[in-house]
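Here is a short report on a ligand site and its surroundings. The sequence and structure come first.

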Amino acid sequence: MPKFEYAPAPESRAIVSLRESYGLFIDGEFGPGVDGRVFKTISPATEEVLAEVTEAGPADVDRAVTAARKAYEHTWSQLPGRERAKYLFRIARIVQERARELAVLESLDNGKPIRESRDVDIPLVAAHFFYHAGWADKLEYAGYGPAPRPLGVAGQVIPWNFPLLMLAWKIAPALACGNTVVLKPAETTPLTALTFAEICQQADLPPGVVNIVTGAGETGRALVEHPGIDKVAFTGSTEVGREIARACASSRKKVTLELGGKAANIVFEDAPVDQAIEGIVNGIFFNQGHVCCAGSRLLVQESVYPEVIASLQRRLATLRLGDPLDKNTDVGAINSAAQLAKIRELSEVGEAEGAQRWSPPCELPVKGFWFPPTVFTGVSQAHRIAREEVFGPVLSVLTFRTPAEALEKANNSPYGLSAGVWTEKGSLILWMATRLRAGVVWANTFNKFDPTSPFGGYKESGYGREGGRHGLEAYLDV
Ligand code: NDP
């Protein structure tokens, strides 16, 4: 299939007014950190410095937790649910009003294509606030008793793959249930969280209800280990998740962890191939594969293997990699030099272990961090690329003959976050779905998200659920 030439269609940056430097958002105001340390955030597509950001030290984290505690005790927990709902509705509407600005900023700071930040991330951010606004005055009907109580102050640490969306997943339910929060965005993607702080000001949210402390891993550690928080919510790597679980084990903090994944996307011989190809592409190349629930292990029934691989390769040759702000772009930049190094390393291991590597012809920009869409065939279950989370645009393909073999291979993973099943047979979908050890099972689709639907993992993918009625439990004293 020839790749059509498209004229560039760049989204304008003019809608974003970047500040030269950003302070910490504590008690409703932006201000400097106690020890004056700063770091720079760059555009991964060009390596251009976007802004200087404050690095919060333990004293700043302490100030933020104190502000959140005061707001919890004197304001937020005292408000009836219908009043909290008004603020959440207001935030949701402001997110919609500022959607274009937020989408451009997210693509600049993260490297993801504007098509995705504009059509997926930001609409879902608004949807999460709308959805949880609806719960705020109906918590007694959520199934957790007649008057479920909030936990108090939540310490929340989020990753860089969906910066504003992960913030929404954390802050919207916390606030709806009556908690206050201190949130740390990832070091490489702090800008939309800081803009969200402005939105809190714009919505007249009482000071201290939301506090944003920027920094790296050490700031996250200071937050989760702070004795003044009642709840820890973390999304990120299994390694750091383990550390956090250990640190909180001897405390009374309630913890939810959303960690890594190595999802199986299973294509049976009766699946509609064209649809399945779109699902495979969306499963692993959406957001450059920086997705915890990415369909990074493709399991194809042997009888249709040649057809599926040929179609997949044809389709991948049409993907456009490049400027995240170009509306034609399908695959954007890798988020950081460190992540690029990790993807390269694991891909080299894949080759060394004997798998066959393939990428479509694809010119990579000179500046920035880039990795082409990559498919490994001839992968066995023992290969590291079949077991470890690459967190990049790298697909490992395995085959199977029977549903039982597909199931066994799919479940043969330390992770258990998501899975996909492609078949025309409803009975087979149900048979697989009840036996797959995965928190989410998609049938004839992949990477579909909705605030009403609980999301979370089994095994090393963590514990606790986010979204839906189940997600409220994480922020209630039940
Ligand atoms: P991390 O798990 O290190 O980062 C997630 C968040 O936790 C970031 O805000 C990070 O800060 C913070 N953090 C780091 N160390 C600590 C700590 N000891 N205590 C509290 N918070 C901490 O992921 P990385 O960004 O380092 O990515 C490494 C690998 O993790 C990736 O290659 C990928 O495989 C996986 N990953 C999985 C994600 C998922 O959703 N499943 C999301 C992100 C990564 P900072 O960013 O400043 O380091």
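A polar contact is a pair of N or O atoms within 3.5 Å; within protein, one atom must be able to donate a hydrogen and the other to accept it, and residues adjacent in sequence count only if both atoms are side-chain atoms. The model is predicted: local features need pLDDT of at least 70, side-chain atom pairs count only at pLDDT 80 or more, and totals for chains, interfaces and linings use all residues. Residues are numbered from 1 along each chain as its sequence is written, and side-chain values use heavy atoms, leaving out hydrogens and water.

| Residue and atom | Ligand atom | Distance |
|---|---|---|
| Arg221, backbone N or O | nitrogen | 3.4 Å |
| Ser237, side-chain N or O | oxygen | 2.7 Å |
| Gln339, side-chain N or O | oxygen | 2.7 Å |

The protein covers 87% of the ligand's own 840 Å² of accessible area (Shrake-Rupley method, 1.4 Å probe). Helix H7 (217-224), strand S9 (231-235), helix H8 (238-248) and helix H11 (337-352) each give two or more residues to the shell. Helices (H or I, at least four residues) and strands (E, at least two) are DSSP runs, numbered from the N terminus.

The shell holds 28 residues, where near means a heavy atom within 4 Å. Ile158, Trp160, Ser237, Gln339 and Lys342 come nearest.

Salt bridges number 27, each a side-chain nitrogen of Lys or Arg within 4 Å of a carboxyl oxygen of Asp or Glu. Arg115 pairs with Asp330, with closest N and O atoms 2.7 Å apart. Arg115 is in helix H4 (residues 114-136), and Asp330 is in the loop between helix H10 (305-316) and H11, 215 residues apart.
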